[in-house]
Amino acid sequence: MTNTYVLPESQWEVTFLDKSDADISYHESVCRLLDLLTVNISNAFCITDIPIGKVTNIPFGKNPLKVAGENAIILDASPGCYWGQYAFQYAHEICHYLIDSQWPPMRDEWFEEVICECSSRYWLNWLSKSNFYPLSSDIFKNYAFQRTLHINSFNLKDLQDEESQILTCFRGNHESRLHFNFLANQIMPIINDDPEIWSEMFLLRTISDNFTFMENLNNLVYQSLKHKKSFKRIVALFL
């Protein structure tokens, strides 16, 4: 069963592939949530000419993703009004959408996965303080907090070594979620101290195979116009 809506403010198109009529009741509130996130995340990135996109939710699909080469995002939220899950997945994928990295991905694009994990947490916490729906505050806050617990720790300094096992692992598998969650735990305080850094996260699209991982990070510092201090703090995590 397919139901399609146009978000009133952002004009994005949202399609729900639901299993029963019972699922239709929550569509309006989910659309309001996605519209709120689309507008505010786009504003945080300072991107005003963002192409209008399409969002499709496929319950029990494979994985949420930003569709390469298309203005499209696919979500995998469970049937029902799971606001936390929708917000988490959407804030992650629209982060990819706005960074708009080249395809096929560069070997160090795994770092973008970490930043988009941070996006999910940042906007979940933002929603917990918003007027979206006061009774949902704890839902968003707890969802963000749970992400901080599911981790695999590692020595961040190992990523300086281009031959290290952990960097080789990340480059071969951009889905090392528990490791990425651990790294996101270290980066989130930097973003919370300087939330306007989102306006320069599009610089991640310049990550290139022509540079080492550390050179790519230092290039972010070099290219930054307003947030060099924060990007330097990110670089310092690995030193």
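Author: Cys-46 lies in the loop between helix H1 (27-44) and strand E3 (54-57); helices (H or I, at least four residues) and strands (E, at least two) are DSSP runs, numbered from the N terminus. This is a predicted model, in which local features need pLDDT of at least 70 and side-chain atom pairs pLDDT 80 or more, while totals for chains, interfaces and linings use all residues. Residues are numbered from 1 along each chain as its sequence is written, and side-chain values use heavy atoms, without hydrogens and water.

The backbone at Cys-46 has a phi near 55 degrees, a positive value in a residue other than glycine. Cys-46 has a relative accessible area of 56%, so it counts as exposed (over 50%; buried is under 20%, partly exposed in between, with a 1.4 Å probe and protein chains only).

Cys-95 is buried because its relative accessibility is 0%. Cys-169 takes part in no disulfide, and the nearest cysteine sulfur to it, that of Cys-118, is 18 Å away. A disulfide here is a pair of cysteine sulfur atoms within 2.5 Å, and by this rule the count is zero. With a relative accessible area of 35%, Cys-169 is partly exposed.

A positive phi turns up again at Asp-100, near 60 degrees, likewise in a residue other than glycine. Asp-100 sits in the loop between H2 and H3 and is partly exposed, at 45% relative accessibility. Pro-104 is found in the loop between helix H2 (83-99) and helix H3 (110-128). The peptide bond leading from Trp-103 to Pro-104 is cis, its omega near 0 degrees.

As for the whole, the protein chain has eight helices and five strands, in the order β-β-α-β-β-β-α-α-α-α-α-α-α. Its C-alpha trace spans about 55 × 35 × 35 Å along the principal axes. Of the 239 residues, 52% are buried.

From H6, Ile-187, Pro-189, Ile-190 and Asp-193 meet Ser-230, Arg-233 and Ile-234 of H8, contact being heavy atoms within 4.5 Å.
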